[in-house]
Amino acid sequence: MNRTVNHAHVTGMTWDAKDKIGICHDCPAGKAKQRPVQKESTGRHKEKKGQRIHADASGRLPIPTFGGARYEHLIVENSCRMLFGRGIKRAPEATSVIDQWIDEETVGVNSDLVIQEFMSDNDPKSYGAPEHKSMLTRRRIKDCSTPDYRAAYNGIAEQNLGVVNEMATAAMHYAGIEDLRYIVMAFMHAVWIKNHLHRELTGSIPWWDWYRTPVDFTYVRIFGCPAFVTIPPRHQRAKRPKHWLGVYVGVASNGVGFKICHPRKLKTYDCHDVTFDENWREDTRLTITGGDKDYDPAIEDRNDVGNN
């Protein structure tokens, strides 16, 4: 954490190394303790960006999320260890997700980036399917996937997917959210946090290494905390609350603002004028109510970022 705060391009975060964090009672809830296994691969860190990407998915979730997702998909760039996550409805969607990711990420500072190798566990439902192999051939990407999944392989994507899932579960537990429809939102928030923290392996921060843009923690709040979103004056109604009550689920899609979930509309929105109660757990976990329950943020020019 000290290395993250002291990074030259990090803003919006303060940290006192003398602070005593104490015991986190929510971390054990998210920790997926497993037996150690013998690793078969060594020296896998690539020095050049784009030389190799890894991918893996976890699921099937017991119930679909607000957007219908049943799996959590993760792409890991080998060199800087940048993570890219999202929810998908079906395992075969992994192919289109990776295909789209290549188009979206090989622009700007990465416009000259060429993805050379792809590694996965060769799951026959997704990465081992003919459609996926055809996409790699079309993209001229070398398929370095294992012949079949073996526990001893324990690849980079599997490791990072496990860590992010642990972070997401701990965040849900801390917030007291038992509704599994929020799990992919917690997963995406954990990916964001992981990308913005210093990594010992690379000696830097993945977000900075990948995008070369400042690492800004200004819009980070506690996942699941109550969010009171101000209704624009032109949409306010007489003798009705001037806000709607939502749940904080992450940083806005463009990095400037907050991503708020509307529990009744089952959608998430990018918002700016928001008041948070990050001490709600200390208030004996009382149910926080209020706000204009009938208000629909869709009538504003607000960025509806859909569902996860």
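## The largest nonpolar core

In this predicted model, the largest nonpolar core has 48 residues, and Tyr182, Trp244, Ile260, Val274 and Phe276 are the ones that touch the most other members. At least two residues of this core come from each of the following elements: strand 3, helix 5 (156-175), helix 6 (183-195), strand 8 (226-230), strand 9 (243-251), strand 10 (258-262), strand 11 (267-271) and strand 12 (274-276). Helix 6 provides the largest share, with nine residues.

Val274 illustrates how such a residue is surrounded. Apart from neighbours within four places in sequence, Val274 is in contact with Ala227, Phe228, Val229, Phe258 and Ile260.

## A second core

A separate core of 18 residues is also present. Among its members are Cys80, Met82, Trp101 and Tyr127.

## Helix 3 and its surroundings

Helix 3 covers residues 94-105, a run of 12 residues. From its first C-alpha to its last, helix 3 reaches 16 Å, close to the 16 Å expected at 1.5 Å a residue.

The buried residues of helix 3 are Ala94, Thr95, Val97, Ile98, Asp99, Trp101, Ile102 and Glu105.

## Cysteines

Are Cys225 and Cys261 buried or exposed? Cys225 counts as buried because its relative accessibility is 0%, and the limit for a buried residue is under 20%. Cys261 is likewise classed as buried because its relative accessibility is 0%. The structure contains zero disulfides.

Technical notes: Residues numbered from 1 in each chain as written. Predicted model: local features only at pLDDT ≥ 70, side-chain atom pairs only at ≥ 80, totals over all residues. Heavy atoms only, no water. Helix = DSSP H or I, 4+ residues; strand = E, 2+ residues; numbered from the N terminus. Expected span 1.5 Å × (residues − 1). Buried < 20%, exposed > 50% of the residue type's maximum accessible area, 1.4 Å probe, protein only. Disulfide = S-S within 2.5 Å. Core = buried A, V, L, I, M, F, W, Y, C linked by side-chain atoms within 4.5 Å. Contact = heavy atoms within 4.5 Å.
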